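Here is a short walk through how two chains pair up, plus a look inside one of them. Have the viewer open while you read.

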Protein chains: 2
Amino acid sequence: MTTGVRRRMGVEERRQQLIAVALELFSHRSPDEVSIDEIATAAGISRPLVYHYFPGKLSLYEAALRKAAEDLAERFREPREGPLGARLLRVMGRFFDFVDEHGPGFSALMRGGPAVGSSATNALIDSVRQAAYEQILAHLDIRVPSARLELVVRSWVSLAESTALLWLDGRQVPRAELELQLVHDFGALTAVSAAYDDEMAAILRRVLATEPPEGPFGDLVERLVTLVPSPR
Amino acid sequence: MTTGVRRRMGVEERRQQLIAVALELFSHRSPDEVSIDEIATAAGISRPLVYHYFPGKLSLYEAALRKAAEDLAERFREPREGPLGARLLRVMGRFFDFVDEHGPGFSALMRGGPAVGSSATNALIDSVRQAAYEQILAHLDIRVPSARLELVVRSWVSLAESTALLWLDGRQVPRAELELQLVHDFGALTAVSAAYDDEMAAILRRVLATEPPEGPFGDLVERLVTLVPSPR
């Protein structure tokens, strides 16, 4: 069933190889369209041997997704140095790299549906959202967020998801523009909340104090001042 | 099995009654937790009679969801009169009414999962998103949106969804504040896009030209001017 060379692969090594092969296939097409036969062929092993490692397509899909989720959560990590705008822009660059690499699989997963919408997959999606949320809070140097800050950060994470999904659907706006736009959106959502809440206003002032004029937030403020007529 | 009074209900009337009863139950608990027996009891009919009208729980769930989706899409309708900010605020009020009325069912549906994540339910969710998107475009008096405008409006619709879901999870921020915040968020996302795109800038200027100083957008601009130091 397997060659001598293949048989020398250890159990964990073989599992990891299958997960990597499956992730590659699940990234480029909807999971519905990927068969165990295809995964077996791509891994160079027999169909029964795939079942030896994974009881079925769903468990292999979930293992591949776990790997992708860990990878994505990792991309939100960023040294806590320098202005926040530039940090967020680097994070968005890595986020769009991920979305680009896993496009069709990312769309299928986030849009839900019978093949992908299990409670295990939803828990994995939530774990990435949570990791992204915690990273942003860490960059803001805040350990115990207010309900308003939590709402701003979590809804921005969700905005990043939906923007990426809309981008994948036709790629009509260049991704570099969207990466920058999402950084600006973070500033804008924070500013809206800050306009009506003193605690949020203090956070916004602290962030803007360290932003250079030519950074994403400085540039946005300057453009908006020109664009929107002052009420006074 | 049924009383004389009940037997006089016509087929369509009975179907509608079952849908209304099911929607009420599915709104207040996760669909997983609602049984056909419970629906039958609430409707005052036998379990076999429920199956006479609907082949199973999923088809009844989908019918209830269709009714809810039509209702929600309807709430995005708003006369095209007066300033945009005030219109959007009325729409957000009706949207949060809906979310409030259907809380646990709305959460379960939007979070996906085995009982609710079918392709039929996803299509219904998308139909509401599309209706909301088209309503907003109509309020902006735009028939053929640019890719950037489409992105702003669709991502704002998704922001309204995620904000409502976060609100349901503990209701820590008063809903009236979030309704207003989402109107402001619409202005903010539009402004971010307008800062880097002439077509979006023209739309923003046109909207702001008809906004009164005391309206949601006028008030936000005035507060932000005070809050954010001008770069010049």
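Chain B and chain A share 2 salt bridges, a salt bridge being a side-chain nitrogen of Lys or Arg within 4 Å of a carboxyl oxygen of Asp or Glu. Glu177(A) and Arg148(B) form a salt bridge through their side chains, at 2.5 Å from N to O. Five helices of chain B each put at least two residues into the side that touches chain A: H8 (119-139), H9 (147-168), H10 (175-194), H11 (198-209) and H12 (216-227). Helices here are DSSP runs (H or I, at least four residues), numbered from the N terminus. H10(B) gives the largest share of that side, 11 residues.

Bear in mind that this is a predicted model: local features need pLDDT of at least 70, side-chain atom pairs count only at pLDDT 80 or more, and totals for chains, interfaces and linings use all residues. Residues are numbered from 1 along each chain as its sequence is written, chains are lettered from A and ligands numbered from 1 in the order in which they are written, and side-chain values use heavy atoms, with hydrogens and water left out.

As for the interface as a whole, 53 residues of chain B are in contact with 53 residues of chain A (heavy atoms within 4.5 Å). The two chains bury about 4400 Å² between them, 68% of it on carbon and sulfur atoms; that is the accessible area (1.4 Å probe) lost on being put together, summed over both. On the chain B side, Leu151(B), Tyr196(B) and Leu227(B) lose the most area to chain A, together 16% of what that side buries.

Now for the inside of chain A. The axes of H2(A) (residues 11-28) and H5(A) (residues 57-75) come within 9 Å and cross at roughly 85 degrees; axes are lines fitted to C-alpha atoms over the stretch in contact, with angles from 0 to 180 degrees between N-to-C directions. H2(A) is therefore roughly perpendicular to H5(A) (65 to 115 degrees). Among the residues that meet there are Leu18(A) and Phe26(A) from H2(A), and Leu60(A) and Tyr61(A) from H5(A).

Over all chains, the whole structure has 38 salt bridges. Two of them side by side:

| Salt bridge | N to O distance |
|---|---|
| Glu177(A) and Arg148(B) | 2.5 Å |
| Arg75(A) and Glu101(A) | 3.1 Å |

The Arg75(A) and Glu101(A) pair links distant parts of the chain, from helix H5 to helix H6 (residues 84-101) of chain A, 26 residues apart.

Conventions:
Angles under 35 degrees count as roughly parallel, over 145 as roughly antiparallel, 65 to 115 as roughly perpendicular and the rest as oblique.
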